[in-house]
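Please view the sequence and structure first.

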Amino acid sequence: MRFTSEQRLDDDIVEREFTLGEIPGILWTPGAASASAPVPLILLGHPPLGLRTMYPRLVDRARHSAAEGFATATIELPGSGGRPRLPAVEQARADLRRALEAGEPVGDGTVDALVLPLVDEAVPEWRAALDALLALPGIGGPVGYSGGLISIGIRLAVTEPRIAAATLFAGSFVPRVMFEEARRVTVPLHVLLQWDDEGNDRQTALDLFDAFGSREKSLHAHMGGHTGVPRSAGEAAARFFTRHLR
């Protein structure tokens, strides 16, 4: 991990941009974090729109988490931002867009081609980033995962033992094969569902929640579309992490 910039935000949060190999990322730490008083870490997932596009929402989540005493970090997803494109994923995204615009059902093959390559590439990258982040002074466990493509969160929760809890957003297409992985998830889950999400099948989201193997799991549904997530949802997620990462 190589840090490329550092600035202190006005609420005493240190923001450092870094690269992990060729992967860009950002780390936010509360000013009070130190080697003698390390803070828990939350990995901030996000959709594949690029870190620059997502930065305003990511830094808002980082500020909210820092106020609760958490460090947060994120990395650029494969095929996003300035990273090399993934032609098969780009084609699947175009096929998805055409189906939605035509009012046609989205086939399982399109969903698989869109999501599974991202999961297969992104999860090892997240785990490598976690190795590097936990080696830094001031950063400690336990670790949470928050938001982003729900399939990435599922795979991380299954394969990464350092993930102690996760908040997931049921707002993206989910390949059918991920339901089997969901049954193997055991960490506490806080799942957010926008009831009128125009890009997400509600019944599929409910079936996925039912499939999760976690003994402790809660579903928080709010009226409104994909971008209408109320501020109270973020506050509830913060309380969830406070219970499980302290």
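In which sense do strand β3 and β5 pair, and over how many bridges? Strand β3 (residues 23–30) and β5 are antiparallel, with four bridges between them. The model is predicted, so local features need pLDDT of at least 70 and side-chain atom pairs pLDDT 80 or more, while totals for chains, interfaces and linings use all residues. Residues are numbered from 1 along each chain as its sequence is written, and side-chain values use heavy atoms, without hydrogens and water.

**The sheet**
- Nine strands form an open, mixed sheet in the order β1-β2-β3-β5-β4-β6-β7-β8-β9; strands are DSSP runs of E, at least two residues, and helices are runs of H or I, at least four, numbered from the N terminus.
- Two strands pair if DSSP finds at least two bridges between them.
- β1 (2–8) and β9 (217–222) are the edge strands, each with a single partner, so one side of each has no neighbour in the sheet.

- All five residues of β5 (residues 71–75) are buried, meaning under 20% relative accessible area (1.4 Å probe, protein chains only).
- Ala 71, Ala 73 and Ile 75 lie on one side of β5, and Thr 72 and Thr 74 on the other.
- Thr 74 in β5 is the bridge partner of Ile 26.
- Strand β4 (residues 39–45) runs parallel to β5, joined by three bridges, and Ile 42 stands opposite Thr 72.

**Strand β6**
- Six bridges join β4 to the parallel strand β6 (residues 139–147).
- Gly 147 in β6 is the bridge partner of Gly 45.

Technical notes. Buried means under 20% relative accessible area, exposed over 50%, partly exposed in between (1.4 Å probe, protein chains only).
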